[in-house]
Every structure is written in structure tokens, then in C-alpha cells.
Amino acid sequence: MRNRTIAGVAALAAAGALLALPAVPAAAAGTTPVLTIAGTTIPVGVGDSLSAGLVSGTLATMYNPGTTTGVKCTTSTIGGSVSSNPLATGSATASGPVGTLTFSGCTSNVVGVSGVNSLTMSNLPYTLSISDSAGFPVTLSGSIQAVVNLKTLAGNALCTYSSTGGALNGNATNSPAQIAMTNQAFTKLTGPSICFAGISFSAAYGPVTDTTLGGTVFVN
């Protein structure tokens, strides 16, 4: 099976200024694990640490659905480790806990909001699953909650949101090299009226790096 790059751990998602990735020799199905190091058949090991930032030139956004109004962040990092990396069969899944999902450089264009104090994720760790099946589906699951602390004319407003379906879904692509999550729904749990009733989260992360072995991670 032809090796494929993971697009970079969500938004965690996005395109532009991507590294050219080397071709990988074809391998028979079931002889290579789902995740390997770029250009090789070296498997990503169980316990290895993985990390990715936003694809260069892109933003992580939490907007009022159907609009470009809300919060956008220039920096986001996702990281975790590998707990399962089976042989690729066309229907295999690699997975592991995500203990890091951070956002910074956030601003808002909501009327009445003068700044974003913070955007944090609650109830970590989550679980990231990456499948080698058609479309290279990616799922971030768990009790996913986002807490947005807004600076408003009336003081600080704390908006708490929960993933509407209990998971964030996306897809990996080889070209560009990224994992993209687009318009993933969150529902407001608590917060004043300035907090939208729901938000759509979009981000793209890539490339994913195995910080234990050193190198870009491929999906086969």
C-alpha cells in the first residue's frame, strides 16, 4: 500500500506553505503499520509522543455558525502519545490520548467584546483516532469542552461550550499535508447572552511530528 502523510494532532487543521513530502515505496497491505516515519517503514512506536501546530498561515476559529463572527486564534498546538498502531489493512485505526490542546493569540470581532482573555479546553485528555480507510477519517473524542473568557464592556464573560456530538471529526490529506476539522459544532453550556448559543470550530494541524524518534509521521 502506498504510504500517505498524516496531515497534521485536528485543525486538530488548513493549507499554505507546506513542506514537500518525499515519495514512499509501495508496501504490501498488512505489512506496514498505520503510522510510520516519513520516507521509511520505521513504525511510530507505542508510547511515542506526537505534536503538531496549525498549518502555516492558517487560523483556528470558533465562529457563530454560518458567519465569520466570533473568536480566531493565530496559534494552536495539539499533542499526545500513541497507544495503538496496528498493521495497515485499509480499515485499521491508530489511536492515543491527547493531553495538550492549547490556543493563543486569540481575538474577537463580536460587538461589545474588546478582547479575549483566554480560550482553554477542559476535561483533557481526549482520544485521537486516525484511520487508514477511505478518506483518512480522524476523530477527536471525549468530554470535549471549550471555555472562552471574553473581555467585554461590562466586564469579563465566561462562555462554556461542549462538543455537540461528543466528538470532533475531520480528515487527513496528503497534499496538502494536514488534518483538517471544519465547522465542528459546539453548544453553549453556560454564559451570559453575549455568548453565542452555538459555535462552529475549524482548524488544521500539520505536519505531525514524532518528537520521540524525530521525523514527520505518515499514515499508510
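1. Leu119 and its partner. Leu119 sits opposite Val148 of strand β10 in this predicted model. The strands concerned are β7, residues 113-122, and β10, and they pair antiparallel over eight bridges. Leu119 also belongs to the largest nonpolar core, where it is among the residues with the most contacts.

2. Strand β10. This strand spans residues 145-152. Seven of its eight residues are buried, so the rest of the structure largely encloses β10. Besides pairing with β7, β10 pairs with β11. The β10-β11 pairing is antiparallel too, with eight bridges.

3. The β10-β11 turn. A hairpin of two residues connects β10 to β11. Thr152 stands across from Gly155 of β11.

4. The core. The largest nonpolar core holds 52 residues. Besides Leu119, those with the most contacts inside it are Phe103, Leu140, Phe201 and Tyr205. Which strand gives the largest share of this core? Strand β6 does, with five residues.

5. Disulfide count. How many disulfides does a search of the whole structure find? The search finds two. Counting bonded cysteines along the chain, the pattern is 1-2, 3-4.

6. Cys73 and Cys106. The sulfur atoms of this disulfide are 2.0 Å apart. The torsion about the S-S bond is about 105°, so the link is right-handed. Cys73 lies in β5 (residues 70-81) and Cys106 in β6 (residues 93-108), so the bond ties together parts 33 residues apart in sequence. Are these two cysteines buried or exposed? Both Cys73 and Cys106 are buried.

7. Cys159 and Cys195. This second pair is also joined by a disulfide, S to S 2.0 Å. Its S-S torsion is -75°, and the link is left-handed. Cys159 is in β11, residues 155-163. Cys195 is in the loop between β13 (178-190) and β14 (198-205). The two cysteines are 36 residues apart, and the bond links distant parts of the chain. Cys159 is buried, as is Cys195.

8. Strand β11 pairs with β10 and carries Cys159. Handedness separates the two disulfides: the Cys73 and Cys106 link is right-handed, whereas the Cys159 and Cys195 link is left-handed.

Key
Residues are numbered from 1 along each chain as its sequence is written. This is a predicted model: local features need pLDDT of at least 70, side-chain atom pairs count only at pLDDT 80 or more; totals for chains, interfaces and linings use all residues. Side-chain values use heavy atoms; hydrogens and water are left out. A disulfide is a pair of cysteine sulfur atoms within 2.5 Å. Helices (H or I, at least four residues) and strands (E, at least two) are DSSP runs, numbered from the N terminus. Buried means under 20% relative accessible area, exposed over 50%, partly exposed in between (1.4 Å probe, protein chains only). A nonpolar core is a set of buried Ala, Val, Leu, Ile, Met, Phe, Trp, Tyr and Cys residues joined through side-chain atoms within 4.5 Å. Two strands pair if DSSP finds at least two bridges between them.
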